[in-house]
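Here are my notes on the aromatic rings in this one. Have the structure open while you read.

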Amino acid sequence: MIKDPHATAAALLPLVGGPANVTSVAHCMTRLRLGLADRSRVDDEALRAVPGVLGVVEDGASYQVVLGPGVVGRVTAAFETLLAAGGTRTADDRADGDERNGDGEAGGKTAGADDASVTPAVTPAADTTVAPAADTADALARRGAELKARQKARNATPLKTVLRRVADIFVPLIPALIGCGIVAGIAGLLTNLRWLPGLTPALTALSSAFMALIAVFVGHNTAREFGGTPVLGGAVAAVVVYPGVAKVTAFGTALAPGQGGVLGALAAAVLGTYVEKWCRARLPGTLDVLLTPTLTVLVSGLLTLYVLMYAAGEVATAIGTAADWLLTTTGALAGLILGGLFLPLVMLGLHQALIPIHTTLIEQQGHTVLLPVLAMAGAGQVGAAAAVYVRLRHDTSLRTTIRSALPAGLLGVGEPLIYGVSLPLGRPFLTACVGGAAGGAFVGLFAMLGTEVGATAIGPSGWALFPLLAGGGWAVTAGVYGGGLLTGYAVGFLATYFFGLPDGAGRPVCDPEKHEPRPADRPGPRPASPR
């Protein structure tokens with residue numbers, strides 16, 4: 001738990017190379033995302049040992065420090081403050097400061113070990129029950145880092161680069177989606193209870209206003225991500241939600257405000273960015289100021305009205321129909337597949353393609369029915385980690401890692417358990433997927449029986465998703481979702497306990513009387529990368 005975000009930010013800055021090495025700063029629900037000039041200046045091990053750091057992830061162009069929900073925003077603000085102050089110093093001053101801070105951190109690694117969830121700097125105790133070095137948390141963390149490095153190389157494809165850019169468009173919108181989703185839940189609860197009838201219309205307006213204008217924000221972020229002028233992207237995308245489009249006819253059909261939703265706004269802003277770049281490359285400076293914005297809005301706006309809104313509307317409608325059919329018709333099977341494959345999708349970077357799908361469903365139906373099913377993958381992960389904790393009772397350093405990471409895992413932050421425990425061990429990652437599949441099948445089964453479980457926002461998972469649940473009555477929806485979590489915990493635990501670890505893994509690794517190692521009793525786990 002981070003008590004002083006300023007101290008955490010001060011500890012992180014020199015370990016990522018100092019102010020001169022940081023080119024951009026952003027954050028999502030759980031991670032501080034940094035753009036770095038020189039990746040080699042980062043001290044990964046020292047970063048993992050900083051108290052409150054749950055792990056580090058390198059994804060494409062960004063270096064991400066996992067801090068957890070609620071904490072990351074405060075640390076990011078403090079980090080940006082330090083960057084602004086550090087930017088006024090000379091390079092020599094920064095170098096001196098970095099050296100001093102680095103020395104200070106060197107003495108603090110052990111003190112922060114218990115708080116680091118992925119790779120705490122734990123020194124094995126000098127007794128006879130400590131596991132061999134190959135099986136300590138540090139060794140597993142190194143295996144996890146190697147697997148991440150290999151996965152990063154596989155992820156360097158054009159498709160996954162595009163998916164990461166799409167994710168960067170929608171991730172900044174998540175806080176507003178969460179806030180509005182919770183307000184919508186409160187409004188719905190008050191309406192069902194018939195309490196405060198004078199207040200519920202105001203709450204409904206507050207929760208609905210952002211969704212009514214989300215296309216503008218998507219256009220703004222899209223233009224910024226693709227190198228255009230953000231306000232022009234927002235202006236082009238705004239036509240999607242303008243009430244006056246009802247007077248426009250495309251393909252013989254009158255358009256409806258909001259038709260195409262976020263997908264139409266995304267396409268419109270991308271088109272506007274390319275039109276803007278084309279104009280700026282060809283128009284002289286005196287005409288550029290007047291003609292480039294005009295042509296950008298005019299050309300891309302007309303194409304949006306007469307082509308993109310209609311096409312995106314058809315795609316969005318198909319997504320909603322497919323999601324409903326998937327769970328109401330093949331719910332248990334669909335939940336089994338989605339819950340079981342979500343962790344591998346995260347590893348492959350393909351989960352980012354789901355963000356605009358979730359947003360489209362929320363925009364259309366008020367909630368996404370896919371997120372609660374996918375959240376079961378985290379439940380399987382928690383169950384698997386608990387089984388490893390019980391079986392490897394003599395591996396004190398690994399148990400320390402699991403103890404630190406489990407609270408975050410229960411709240412839906414799975415990276416520390418994935419990269420610090422299950423993935424380096426190999427088989428526990430697969431048995432965690434089995435637990436996720438079981439939880440997904442549970443939720444999907446109830447969808448087939450008529451109890452739909454949805455989420456009014458994206459981002460939170462695990463227990464943190466309860467306030468955002470929607471569907472039938474909240475109590476029934478929460479009961480089904482909670483049952484899915486318990487199923488995922490239980491199946492993930494049992495599958496890992498009986499099939500996820502080598503035989504003899506829970507025995508002492510040394511003879512308690514002779515203090516001699518018995519390696520045959522505890523073969524080291526083999527790292528495996530799921531295909």
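1. A word on terms: buried means under 20% relative accessible area, exposed means over 50%, and partly exposed is in between (1.4 Å probe, protein chains only). This is a predicted model, where local features need pLDDT of at least 70, side-chain atom pairs count only at pLDDT 80 or more, and totals for chains, interfaces and linings use all residues. Residues are numbered from 1 along each chain as its sequence is written, and side-chain values use heavy atoms, with hydrogens and water left out.

2. There are six aromatic pairs here. Rings of Phe, Tyr and Trp (its six-membered ring) pair if their centres lie within 6.5 Å; planes under 30 degrees apart are stacked, over 60 edge-to-face, and the rest tilted. Take F210 and F217: their planes sit at 40 degrees with the centres 5.2 Å apart, so this pair is tilted. F210 is buried at 12% relative accessible area, while F217 is partly exposed at 39%.

3. F493 and Y497 make a stacked pair, with 15 degrees between the planes and 5.8 Å centre to centre. Both are in helix α19 (residues 474-499), four residues apart, or about one turn; helices here are DSSP runs (H or I, at least four residues), numbered from the N terminus. F493 is partly exposed at 24%, and so is Y497 at 30%. Ring pairs also bring F498 into a cluster with F493 and Y497.

4. Which charged end sits over the ring of Y497? That of R391, 5.3 Å from the ring centre. The cut-off is NZ of Lys or CZ of Arg within 6 Å of the ring centre and within 35 degrees of the ring normal. K277 likewise lies over the face of Y274, at 6.0 Å from the ring centre.

Terms used
Helices (H or I, at least four residues) and strands (E, at least two) are DSSP runs, numbered from the N terminus.
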